[in-house]
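Thanks for coming. I'll take the chain contacts to begin with, then the cores, then a few local details.

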Amino acid sequence: MTSTPTRWQYFADGIIKENPVLILMIGLCPTLATSVSARDALGMAAATSFVLIGSNVVVSLIRKVVPGSVRIPIFIIVISTFVTIIDYVLQAYQPALYRVLGVFVPLIVVNCIILGRAEAFAYRHGVFDSLLDALGKSAGYGLVMLVMGSVREILAAGTWFGYAVTPAWFRTAPVLFMIFPPGAFLLIGILKGIVNRLTASKV
Amino acid sequence: MDPAKILMGAFLVNNIILMRFLGVCPFFGVSTTVDTSVGMSAAVLFVMTLATWVSWLLYHVLLLPLGLVFLRTAVFILVIAGLVQFVEMVLKKYVRGLYSALGIYLPLITTNCAILGVTFLNIDYEFSLLQSTLFAVGTSLGFALAIILFAAIRERLEDSPISPSFKGYPIAFVGASLVSLAFLGFTSLFGISL
Amino acid sequence: MDWTLILTSVAGLGGLGLIIGIVLAIASVKLAVKVDEREAAVRAVLPGANCGACGFPGCDGYAAAVASGSAALNKCSVGGANVARSIGDIMGQEAGAVEPVVAVLVCRGGKDVAPARFQYKGASDCRHAALLLGGPKACVYGCVGLGHCAKVCPFGAITMGRNGLPVIDERKCTGCGNCIRGCPKGTLLLVPRSKLVILACVSHDKGRAVKDVCRVGCTACNLCVKVCPAQALAMVGNLPVMDFTKCIDCGICIHKCPTKSFIDRAPGRPKAVINPRCTGCQACVKACPFKAIEGEPNKQHKVLADKCIGCGECRKVCPADAIDMVGALGHARKGTEG
């Protein structure tokens, strides 16, 4: 019999058991598009996490006064506020990263992870629990982004976070395929296959 | 920019799903059969064109003159959400056939990053209203091409012998990788590099 | 603190939100669609299988069409007469009769009698296999046998048999037509339940070409056309076409066919029995297509039970009302009950 999740589980679930990208299969677009290198991937994860944490907390704060029928537009406004903030912050302080992420920064507003968590969790739980949930999902998302970004960068450029980690002969002819969209699709397919295999054997 | 190049660029060279990674969630969610894919494509074409017009007008007539450019994220997504709901009501009342055909896909489009993405790209590329329309139509057609092609492949995958952990999403992603590889071949077609 | 900017943005966004809200609120009232209660009532009596046999998109679609008066009330073959009657009650009209139909496999070419041309190792579905040179079977017209019909049947009425042909459970089959629409070869047919004799071959070839690829395929030998007492069969393009209005279900064609290409849906057939009223006129001996009656002139005739197929030809010609069809009530040739 499963008891109501403890506070710690709100956080821990988001990392593995309910990992947003590999288990819940939401928020795929920015994951595939921006995981070209480990640093860019983590940058995107950080931006998304900022919005996720912010919106979860605010939605949870105002949940008692928001009428059910208009809650989705209200969520959208809250989320877009945070997205606009991070948009301009990145433009000002991390212009290189902003150029790489491009249109995907404003697109955080339609990232299913954020709207999904606001609707499924923050609207029904207290502020601290929503914060934990957001932190957990952010950690999970960051983990996936780190893995994808690292694999793609190592295979396609031979570096990790800009540092050379492969022999020189590899770096002269790396697997450029991984930088392009086909590489991203293939990588996430293999990752999902591995996850399926691991979860199946646990059952 | 040459209208033909805009269309071709949006349709093939920079295919919205397979090259730009916008609209990937519905791409995998809806492409299980060809019929649902056609329905979704129709809905996307419809909403994307309308959203492009309304967002372009709002941006150039309201936000730019008033110096409220930073509100574009909030404004665009609100407009799209409201538009989809309004269109749903109009269709339900006056064009019942289309409403039944589009079914549940209409409300699903609100969070489709392809729609919002195109409205932002129109601003970034500084398109005129006509160019934006062409871009939206070309993009929707590219969406339709990718999703219908992929649905046909997935229908075959259903009956093929695949190892259990790869059934479903994983093999679909691998399939998408191969289709995307094919589309990579369109790079620099007609000298387009949009 | 740039108050003007803050004020304009609050006013702008707030104003936009207000406008959108008002427009949507007005729209939800002005564009409200009146819900027809009868539609809901009709929908409630429909089986909910969404099979599409009625020709409308799912049960919701049929309910809407019935309520708006644009559909006949007896289209639901899954629900049958009961549902038609209920719909009639709701709409206050008479529903027409529902002809019960059943899906039948019109191919007898199983693995044992119809060999394969090549080994197929592709996607395990009939529609895919059929695209490859017409399928792995030597006969390109025949059932592919990979079970697409079993997959699409919403009622679980089809299972694949040991010889590679689908087996249709007639008790579960509702005649929805999903399997017919999905079959790439057209070897599934919707047949009125009252029809007992059906030709089970769709090969357009004749003679040697058929025999080479299937032991039970129709070779267009014309024998069935000749022996049919009701002239219900006519050869059209190497296949005998049956006129259902003329066919009397006697079963003669089934037994006369040299390749056994007909199927008999009757669970049982009667046998002819000659009673003491027999005058020995030999009419029945001459009439029997299977030489199943023996008898000396003016002596009591006797039916050889193992040769008799219950066609009733003898009964038709007996002047003394001396022949009874016994057993398998209700499945005898039309007009020979009792």
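Two residues are in contact here if their C-beta atoms, placed from the backbone, lie within 7 Å. Keep that cut-off in mind for the interfaces. One caution: this is a predicted model.

Start with chains A and B. Of the 2 pairs of chains in contact, they share the most contacts. Chain B puts in 31 residues, and chain A puts in 34 residues. Which elements of chain B supply that side? Helix 2 (24-30), helix 4, helix 7 (113-124) and helix 9 (169-184) of chain B each give at least two residues. Helix 9 of chain B has the largest share, 9 residues. The side of chain B that touches chain A divides into 24 nonpolar, 6 polar and 1 charged.

Next, chains B and C. This contact takes 17 residues from chain B and 18 residues from chain C. On the chain B side, helix 4 (residues 72-94) gives the most, with 10 residues. By class, that side of chain B has 9 nonpolar, 4 polar and 4 charged residues.

What about chains A and C? They do not touch. Their nearest C-alpha atoms are 9 Å apart.

On to the cores. The largest nonpolar core has 113 residues. Which of its residues touch the most other members? Ile79(A), Ile77(B) and Ile80(B) do. Helix 4 of chain B again: the largest share of this core, 12 residues, comes from that helix. Look at Ile80(B). Set aside its neighbours within four places in sequence. Then Ile80(B) is in contact with Ala51(B), Thr110(B), Ile115(B) and Leu116(B).

Leu108(B) lies in helix 6 (residues 105-108) of chain B. Buried, exposed or in between: which is Leu108(B)? Leu108(B) is partly exposed, because 18 other C-beta atoms lie within 10 Å, while buried takes 20 or more and exposed takes 12 or fewer.

Now chain C as a whole. The secondary structure of chain C comes to 12 helices and 12 strands. How does its radius of gyration compare with that of a compact globule? A compact globule of 338 residues would be near 20 Å, but chain C has 30 Å. The spans along the principal axes are about 125 × 55 × 30 Å for its C-alpha trace. Buried residues make up 36% of chain C. Take the contacts in chain C with a separation of 6 or more. Residues 24 or more positions apart account for 57% of them.

Zoom in on one hairpin in chain C. Strand 6 (residues 233-236) and strand 7 of chain C pair in the antiparallel sense over 4 bridges. Leu233(C) stands opposite Met242(C) in strand 7. The hairpin has 2 residues between the strands, and Gly237(C) takes a positive phi near 55 degrees. In a regular strand the side chains alternate between the two faces of the sheet. Strand 7 (residues 239-242) of chain C has Pro240(C) and Met242(C) on its covered face. Leu239(C) and Val241(C) are on the uncovered one.

Last, two backbone angles to flag. Most residues other than glycine have a negative phi. Phe161(A) has a positive phi, near 55 degrees. Phe161(A) lies in the loop between strand 1 (159-160) and strand 2 (163-164) of chain A.

Terms used. Residues are numbered from 1 along each chain as its sequence is written. Chains are lettered from A and ligands numbered from 1 in the order in which they are written. This is a predicted model: local features need pLDDT of at least 70, side-chain atom pairs count only at pLDDT 80 or more; totals for chains, interfaces and linings use all residues. Ala, Val, Leu, Ile, Met, Phe, Trp, Tyr, Cys and Pro count as nonpolar, Asp, Glu, Lys and Arg as charged, and the others, Gly among them, as polar. The radius of gyration is taken over C-alpha atoms; the globule rule is 2.2 Å times the number of residues to the power 0.38. A nonpolar core is a set of buried Ala, Val, Leu, Ile, Met, Phe, Trp, Tyr and Cys residues joined through C-beta atoms within 7 Å. Two strands pair if DSSP finds at least two bridges between them.
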